[in-house]
Amino acid sequence: MAETISMPKLGFDMAEGLLVRWVKQVGEAINKGDVLAEIETDKATVEVESSASGVVLQLIVDQGTMVPVNAPIAIVGQAGEKADSAAPSKVEGQKSADEKPAAQSAPIADSAPQAVAPADSSLSAVEGSGSVKASPLAKKIARDQKVDLSNIKGTGPGGRIVRKDIETALASGQPTTDNRPQTIVNRPSSTVIISHDDKVVATTKLRQAIGRRLVESKTTIPHFYVTHEYKMDMLMDMRKQVNAYLPDNEKVSVNDFILKGVALSLRQFPNLNATLKGTEIVQFGHVNVGVAVTVPGGLMTVVVKDTDQKTLRQISGEVKTMAARAREGKVKPEDVDGSTFSTSNLGMYDVEEFIAIVNPPEAGILAISSAREIPVVENGQIKAGWRMKATISVDHRISDGAEAAQFMQALAAFLENPVRMLV
Amino acid sequence: MNKKEQQLDLYYQMVLIRRLEERGAELYQAGKIGGFMHLYIGQEAVSTGLIAAREPRDRVITAYRDHGVALNCGMSANEVMAELLGKATGVSKGMGGSMHMADTSKNMWGGHAIVGGHLPIAAGFAIGDQYAGNDNVTICMFGDGATNIGYFHEALNISKTWGLRVLWVCENNQYGMGTTVERASAVTEIRQKAEGYGMKNGQVDGMDVTKVYEAAKEALDFVRKNSQPYLLEVDTYRFRGHSMGDPERYRKAEEVKKWQENDPIGIFNKQLIEKKVASAKALDEIEARAEEDVVKAVEFAEASPEPAMEELYSDIYAD
Amino acid sequence: MAKITIREAISQALMEEMDRDPKVFIMGEEVGVWGGTYAVTKGFYDKYGAARVKDTPIAENAIIGGAIGAAMVGQRPVAELMTINFGFSAMDYIVNQAPKLHYMFGGQFKVPMVIRAVGGGGRQLGATHSQTPDAIFAHFPGLKVVSPGTPEDAKGLLKSAIRSDDPVLFLEHATMYQVRGEVPEGEYTIPIGKSKVQRAGKDVTIVTYCKGLELSMKAAEELSKEGIEVEVVDLRTLRPLDMEPIIESFKKTNRAVVVEEGWKSYGVGSEVVSRIYEQAFDYVDAPIIRVAQKEVPLPYNRTLEQAALPQVADITAAVKEVLK
């Protein structure tokens, strides 16, 4: 008997999903668990698996349609079976105006979270943006001035970009160039022109979703913050030792250690591994530590389930795998669901200290900064030591400063004596 | 033609032509000579007798069956063979080939490939000489086929109208390529066309070098003295095809054989012996010498270098 | 500087060269007694005599072939084709013999000959008498093809052509004999194979020659009133083609219009445009426009003939189009 596949609920607050792409077409064989479609939610672009085996008999909605959760999207059955008349006619979903989910496109710039079309110095990349019509002269000037032709309006016949258009754009200060840090290159022309025009960038659904949640967080949760500086010398040593025995693709990071430490510490402070439900605090039974990952178009938090139960290696492996999926826009619902406490690590950016925003409905988030070798005082002597600051942001409705500070001390006990995390 | 040396020299020239043409045919079939090649075998008496009759200051210009003419004008077998092989040591530096042999120092103005095309140019030589005020005669050789094309008529007409010193020599070898004179020409005696222009004309047996020489002498004299053109029709025959690769479907083997009985070299050989100008042995020696010279010519040509690649762009302009 | 017509300029050049070099003589149809069908050689017959001003039969092959022969043996004939249209009757001599004789015989022959010919339409002479087949003749290596548009250039270039050891085709225009212009006093020549900027400008490059020059200069004046300054580059010689001033101009303006009286397809403009694209691709800001004769045989009817020929309005329109 033919089975109707519906738009799944991929997050507890998901109301609708955008059917981005059908992976299987009508007539194709499909097994239960095979990916049927790609759906974009507020959080991510997610692969939806078929719950039935057989042949795809009907695709009920078109690509690019916004579908309410639980609405039917496809019918899978035996070959030759008629698509059930129980399946209603095509859902009048709204075609999304933004049909290019940011997470779909290949990651362009890891470092720059903005979705700015890069002005590549190679001509083909610039031209590749929908084959811009420009005269050979205009193209040459664009190449020399590192101008992105896709940002220039052409006034020549047929909308062709001519020299005058580029000169106008540059003279009026329109930002036309690549935002990535670049080495100074020799400019063949005699004048360097800086554009002053504003640049309009469309936000992705992900960015919008992040925005909504964090506004909610910042405006409803009374935040307070505690910073602790951790002695990292022993952890750095241990890490070296551990990694000596691991293959290259499985080496553990400082953050993996920290996640373990945080998980174990949360066991000691269950109030920080909790959520506020009305007037009740629900202290979670699991410790699922979330790790913030930068993805094209925004941020995603992948979750290590039962972090306290897992070995360093397991934690490390899971984070790596889920982060990779997230960056490719292929994250699974379970990757990003069920976090009980979040962490965010900006250690690779030479950050001394920063503060994160609590991810509702969690109680706290730990902002981890860079481990640096700095002058420290030990036994009255000044020497070099590895120090790392971390700042916890906490919902003051659930916890308070003393508890948070003690948590941070408990964490120190683990991080500064890392061997304790192994038992 | 009385001096013994001159006659023996003419005999040598005719045999030289014959041997060079025969050797050329072999080299062509071996792939060493390319393009078109038109052999003079059977017609040796015509150019030999004609050019022997000229003054050194008289200019000679002919069509593409020019190897014999080149040798008669004094160009060496070495240079002619080298040109056939396209070498840098060829008379035209390898840039002209079989049809474009020339040496202005010998007053030999080429070897031309467009049928009848060189006739107005020949008239031009005479215009230039007339303008310069000398009495040079331009000897212009062409085939029977060329007498039907416009260039022939314009050239003959202007030569008569302007009183140009041109000796128009038609080598009537009975065929314009594969077409007999009867099939191509309104009149079968080519010299009749000169009548239409009020031009003095004559006809001579082209297989007998002595007869050709005498007729040419008379005609040249006329042209020079009267500053008038003259058309001399020379009846001859080519024993080989129009050019290499001609299957000769247009004539019968018997006909060729018949004409070959009148081989000009054979005729002259007989005459020289009869007139006691030379013994058979002496003539054999001359033939051997000619053969030897052709062998050396081939060696010279094969050993010669190809033109350099840069030569592609030289001599496009004189300036 | 004297102001003379193109006719006078050509006449003067011929006379000066004939006076200077006794080897120079003229031959052609009606050049002597008649004085030339365009009166260029008027008075020459009386001055120089029949030997140096030769009236020929109507036999183009004899004229051009004869001139080639005379040149080969050391004279410097200036042959005249009554019109370039009759050049087709002597095609073999103009393109198959003259340009090749020097090359084919390893440099032994020189052909220091000039062929003067009148071309162009606009006088209701009908299709077979009104052509501008310049491109055909410019196609052959070994031939030099010259086509001046001013009296100064006509005189200087003809003198150079006569003195050149190469065969030169000197193309005149039927409707330009009365064009006036300044000509330097005294002896001067202009080198063959050099284009010239006849009018400086910064907005658009016009490349042209002969009749096209006359029209382009008029177009330039009109455009100037509208604030558009065109730079007019005159080819003067079609072969060998001098692209240097054209490329230099184009690099400045980035836009070009090529004007010729011949037909557009396979014309002189095709060659110029190709070379601009080859040599200055990165400077192209708009496709180059060719202004040429409509692709029709030229009709007799006056209005239709003018409609088929390129006009000043066509040039100004093209300039504005290329500026878009």
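The following conversation concerns a predicted model and covers its interfaces, nonpolar cores and backbone geometry.

Visitor: Let us start with chains B and C. How many residues does each put into the contact?
Guide: In this predicted model, chain C contributes 46 residues to the contact and chain B contributes 43 residues.

Visitor: And what area is buried there?
Guide: About 3,400 Å² is buried between chain C and chain B, and carbon and sulfur atoms give 63% of that area.

Visitor: Which elements of chain C supply the side that touches chain B?
Guide: At least two residues each come from β2 (24–28), β3 (53–55), α3 (60–72) and α4 (91–104) of chain C. Of the elements of chain C, α3(C) gives the most to that side, with 9 residues.

Visitor: Now chains A and C. How many residues are in contact there?
Guide: The contact takes 11 residues from chain A and 10 residues from chain C. These chains bury about 850 Å² between them, with 52% of it on carbon and sulfur atoms.

Visitor: How many salt bridges there?
Guide: The count between chain A and chain C is 1 salt bridge. A:Arg143 pairs with C:Asp282, and their closest N and O atoms are 3.8 Å apart.

Visitor: Which helix of chain A gives the most to the side touching chain C?
Guide: That is helix α2 (residues 136–145) of chain A, with 5 residues. As for polar contacts, 6 residue pairs are counted between chain A and chain C, both residues of each at pLDDT 80 or more.

Visitor: Change of topic: how many residues are in the largest nonpolar core?
Guide: The largest nonpolar core has 116 residues, and B:Trp168, C:Ile64 and C:Ile68 have the most contacts inside it. This core draws at least three residues from each of domain 1 (2–183) and domain 2 (196–323) of chain C.

Visitor: What lies apart from it?
Guide: Another core, of 72 residues, lies apart from the largest one; B:Ile41, B:Tyr237, B:Met244 and B:Val277 are among its residues. In soluble globular proteins, nonpolar side chains tend to be buried together.

Visitor: On to the backbone. Which peptide bond of chain A is cis?
Guide: The bond from A:Pro360 to A:Pro361 is cis, with omega near 10 degrees. A:Pro361 sits in the loop between β15 (341–345) and β16 (364–378) of chain A.

Visitor: And in chain C, which bond is cis?
Guide: The peptide bond from C:Arg239 to C:Pro240 is cis, with omega near 0 degrees. C:Pro240 belongs to the loop between β12 (237–239) and α8 (244–253) of chain C.

Visitor: What is phi of C:Arg236?
Guide: Phi of C:Arg236 is near 65 degrees, a positive value in a residue other than glycine. Most residues other than glycine have a negative phi, and most peptide bonds are trans. C:Arg236 lies in the loop between β11 (230–234) and β12 of chain C.

Visitor: Finally, what about phi of C:Asn254?
Guide: C:Asn254 also has a positive phi, near 65 degrees. Its loop runs between α8 and β13 (256–263) of chain C, and C:Asn254 is buried, with a relative accessible area of 2%.

Note on methods
Residues are numbered from 1 along each chain as its sequence is written. Chains are lettered from A and ligands numbered from 1 in the order in which they are written. This is a predicted model: local features need pLDDT of at least 70, side-chain atom pairs count only at pLDDT 80 or more; totals for chains, interfaces and linings use all residues. Side-chain values use heavy atoms; hydrogens and water are left out. A nonpolar core is a set of buried Ala, Val, Leu, Ile, Met, Phe, Trp, Tyr and Cys residues joined through side-chain atoms within 4.5 Å. Buried means under 20% relative accessible area, exposed over 50%, partly exposed in between (1.4 Å probe, protein chains only). Domain bounds come from an automatic or database domain assignment. Contact means heavy atoms within 4.5 Å. Buried area is the accessible area (1.4 Å probe) that two parts lose on being put together, summed over both. Helices (H or I, at least four residues) and strands (E, at least two) are DSSP runs, numbered from the N terminus. A salt bridge is a side-chain nitrogen of Lys or Arg within 4 Å of a carboxyl oxygen of Asp or Glu. A polar contact is a pair of N or O atoms within 3.5 Å; within protein, one must be able to donate a hydrogen and the other to accept it, and residues adjacent in sequence count only if both atoms are side-chain atoms.
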